[in-house]
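The sequence and structure come first.

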Amino acid sequence: MSLNITPIKAGRFYLDPLLLAVITGLLLIGYVMVSSSSLHLGAKLDNNSLLYPIKQMIHIGLGLALAAGVFTVPLRKWEQWGPNLFVFGLGLLVLVLIPGLGVRVNGAVRWLSIGGFRIQVSEVVKLISVIYMASYVTRYEDSVRNSSFGLLKPLFLFTIACVLLLMEPDFGSAVVILIIALGVMFLAGARLWQFGILLAAVLAMAAMLVIVSPYRLRRVISFLDPWADPQDTGFQLVQALISFGRGEWFGVGLGSGIQKLFYLPEAHTDFLFSVIAEELGLLGVVTVIVLFALLVWRAIDIGAKAEVVGNKFAAFIAYGIGIWFGFQSFINMGVNMGMLPTKGLTLPLMSYGGGSMIVMCCAVAILCRVNSEVQEMTASQPKRRPVWARAS
Amino acid sequence: MHGFSTRKKKDEPETDFTVRRKVLLVFMLGAMGLLAVRAFDLQVLRKQFLKQQGDMRHVSAVSVSAYRGMILDRNGEPLAISSPVQSIWVNPQELADAEPAAIGQMEKLLDLPDRKIKNLIVPGTKRRFAYVKRRINPHLAAQVKALDVPGVYFEREFKRYYPAGPVSAHLVGFTNVDDVGQEGIELAYDAVLRGTAGSKRVIRDGKRQIIGDVEAISAPIDGRNVQLSIDERIQYLAYRELQAAVLEHRAKAAALVVLDAKTGEVLADANHPAFNPNTRTHLKGSAFRNRAITDVFEPGSTVKPFVIAAALDGGYIKPDLKIETNGTYRIGRNVVRDVHNYGTLDLTHVLKKSSNVATSIVALEMPPDYFWGIYNQLGFGNAAGIGFPGEASGSVLDYQRWNQFAQATLSFGYGMNASVLQLARAYTALADNGLLHSVSLLKRDRDPEAKRVFSAKTAQLIRTMLEQVVLKDGTAYQARVDGYRVAGKTGTAKKAGEGGYKEKKYLSIFVGMAPASDPRVVIAVMVDEPSAGAYYGGAVAGPVFSKVMAGALRILDVAPDQEETMPVLISKTPDLVAQ
């Protein structure tokens, strides 16, 4: 964990080669698998097998272009915008709930249509949550560590966001932003007993929501034993598990999967991981898990370096992104393997979807920006160890 | 970095939180490790169970239809063949997404009533399968396919095609929409023709569409061909002449059977009314009936030769017997009548003039059991055993219940009934020198079941007598065939109905054989209710017999046995002779 990654200097920016490799890997594998699992769907819907691959190519292109722009924004700007951004995010969440503005898909209103482009609002809110939390704990560090109020104030705002998300409903995203908030506060030094109570309260609330809403309860129960009702409530999970079993060690081969052919629902979005499992086998599955693990490690490690050079905001941004990506990818993969109840969360940087892809690209761009600024500061600081001097 | 952190922990209070960071990182990486363990569990340890569950959902067995065997005539010409066609079915649930315009176009292409397909679209329907149209031309199916309507599917099937159309329709029969024999040979030999459907394992996608073959479970065993004894050329001729006769005489129905006199094979079996098995719609069941085999009638005078033959063979009369007829013959309270008073007749003229009185006198010379025994041996009252669905057996009253008048009427073919096929078969006993042949619809070289009913001498004698029938002064001059000696007998039976025999409703019958010197072919013709004036067997059925017999003999390459009536041949024209 204390490996040192030799940064690359490109112009006035510093780049983390491993982080770039991981991102490239995830994007590439994701794109190939999205293509593989959507050819039949495009052919059926529009008589054009390349319908989804072309759209996803546009998503990735837009995401990378926007990411390049985001990368050039100095971190202190984000720090300044943090509170306003959060208000903006809440505004989006309200907007999507206004009848006529939000787009309803499968009974949930999660999308805003902007110029024919559908954006899942909760994705944007996740990134905003990271920025807001980072700026909050940077500004009120002592208060977070010493007073209950400092801990509760941001949670109040997050509760509003969660309630709005649950109205869509988007239970998964609500859990993700809460986890981001709690995780960042944990790292910022919140008192453990206070934190423990908070965590317990959040878990109790989540459990209550599950029990109160029969639709969620059914999903939860079905995940515990999908084979009890494999035709109805357990259908998705049974199909996903079959994909894993069929994949064995090395998979049935790229493009040769059967499960994606109308057995797996949402094969190219939420259940992309199952398609990977069937077509690329355990080898592909472990590769993806390792890539996400590396991404998390790089994020936390970059954050740690930011703390060393004293840039608290940069550090918490990196931690937040690490927690977000780690948690969301864990949920998605866990759901695919029947370890967690079914949640509509995408696999970061891999699943099909415009909004998700663009926001995730922006998030990794900010992470890269953190790394670049931290490396720049490290390079300009007095050298503590010879190894740093040789790095540039 | 580790060393750096510990040192920092000693210096500053916030080092506490670097531990938290490490705890979080370990926790998250641990969670990722857990995912990998779970993946190993599913993909390696539980793969057997999961793959089996997958196969249960993906793989299923489907049947592979076997090719139905052909029905051939004796020369190998096809009478029924199966050709591949397409059937169209829809999934009404998926059809809901289709454009109404495209469905309308499809209805128009398939010539379906408006909204027939659209009406299948019911919101919330549980139906996933409905045939739209079956067995259509593959070309038409391609046009429908080009419309690309969602929820419309195609299935390959076989359609039965009958190249001979109505000509042999009654005999060959037909299959239903599921390719199962319904009538005729198609029904009788269904098990042979059908073969055994095979099955294969296929993979289906989530919408139950077949996306690939896994393995063949059992190969389909194609049905075997059935080769009939029918000669399509004679069959066509018989059909054509029968149709012409029905039109000319405005008859209700007609039937005709051509038998090979040596083997008992059925060379032709024509009927009217006919139907086209390829396009049968809105037809009454009566059109499907193979009257020659399934319908019985009173054979009338056509049985008279058997009475004479039986009496001669049994020694009850002498060949030179002369019979005083007087035109009427009283038996108890009943009277047998002839059309005219023929006076004194020898046996030849009994048949030539078809005297009911003389035949009755001869019949009453015989004991009832003997007389009945001959009829029974000739196959009257028993099915010919040809294996055709609905084959009639006819009936002859049991001799124990006969009185003298009953015995007399039986001698001129009343009080009994038989089918055209039975009648033709009985004549084989005269044609093949006393040997009665079994009949067969399948091609064969010889008859293993021939049995002697009459002595050869008697049979030859009767044939000689029957030759007189087709002479200029006989009852059936129109039945003669140029170049061949013909022996035959007419019959004109009054039709029985409710309340007795009907006036002016007749059956016109002619049964005969040629060449009379050594008969090859036996033909029986029955015309039901000719209503254009003529109704005598010789006038109505005779010409049909003549034309069909002339054609059959030529087709079978039978040598003429009567040079003087040979049509003039080109080789005998003076020019050629001069050379």
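Is F262(A) buried, partly exposed or exposed? F262(A) is partly exposed, because its relative accessible area is 22%, and buried would require a value under 20%. The model is predicted.

**Backbone geometry**

- Most residues other than glycine have a negative phi, and most peptide bonds are trans.
- F262(A) has a positive phi, near 70°, and is not a glycine. It lies in the loop of chain A between α10 (235–247) and α11 (272–308).
- D148(B), also not a glycine, has a positive phi of about 60°. This residue sits in the loop of chain B between α6 (138–147) and β5 (152–161). D148(B) counts as exposed because its relative accessible area is 52%, and the cut-off is over 50%.
- E168(A) and P169(A) are joined by a cis peptide bond with omega about 0°. P169(A) falls in the loop between α6 (148–167) and α7 (171–188) of chain A.
- A cis peptide bond also runs from H272(B) to P273(B), with omega near 0°. P273(B) is in the loop between β10 (266–272) and α11 (285–288) of chain B.

**Annotated site in chain B**

- UniProt, in an unreviewed entry, lists S301(B) under "active site".
- S301(B) is placed in the loop between α12 (291–294) and α13 (304–313) of chain B.
- With a relative accessible area of 11%, S301(B) is buried.
- Leaving out residues up to four places away in sequence, S301(B) touches S354(B), N356(B), F412(B), K489(B), T490(B) and G491(B).

**Domains of chain B**

- The contact involves 29 residues of domain 1 of chain B and 27 residues of domain 2 of chain B.
- About 2,400 Å² is buried between these two domains, with 61% of that area from carbon and sulfur atoms.
- R74(B), V167(B) and H170(B) supply 33% of the area that domain 1 of chain B buries against domain 2 of chain B, more than any other three residues.
- The interface of the two domains has 1 salt bridge. R74(B) and E265(B) meet through their side chains in a salt bridge, at 3.1 Å from N to O.
- On the side of domain 1 of chain B that touches domain 2 of chain B, α8(B) gives the most, with 4 residues.

Conventions
Residues are numbered from 1 along each chain as its sequence is written. Chains are lettered from A and ligands numbered from 1 in the order in which they are written. This is a predicted model: local features need pLDDT of at least 70, side-chain atom pairs count only at pLDDT 80 or more; totals for chains, interfaces and linings use all residues. Side-chain values use heavy atoms; hydrogens and water are left out. UniProt positions are given in the numbering used here, feature names are shortened, and annotations may be inferred rather than shown by experiment. Helices (H or I, at least four residues) and strands (E, at least two) are DSSP runs, numbered from the N terminus. Buried means under 20% relative accessible area, exposed over 50%, partly exposed in between (1.4 Å probe, protein chains only). Contact means heavy atoms within 4.5 Å. Buried area is the accessible area (1.4 Å probe) that two parts lose on being put together, summed over both. A salt bridge is a side-chain nitrogen of Lys or Arg within 4 Å of a carboxyl oxygen of Asp or Glu.
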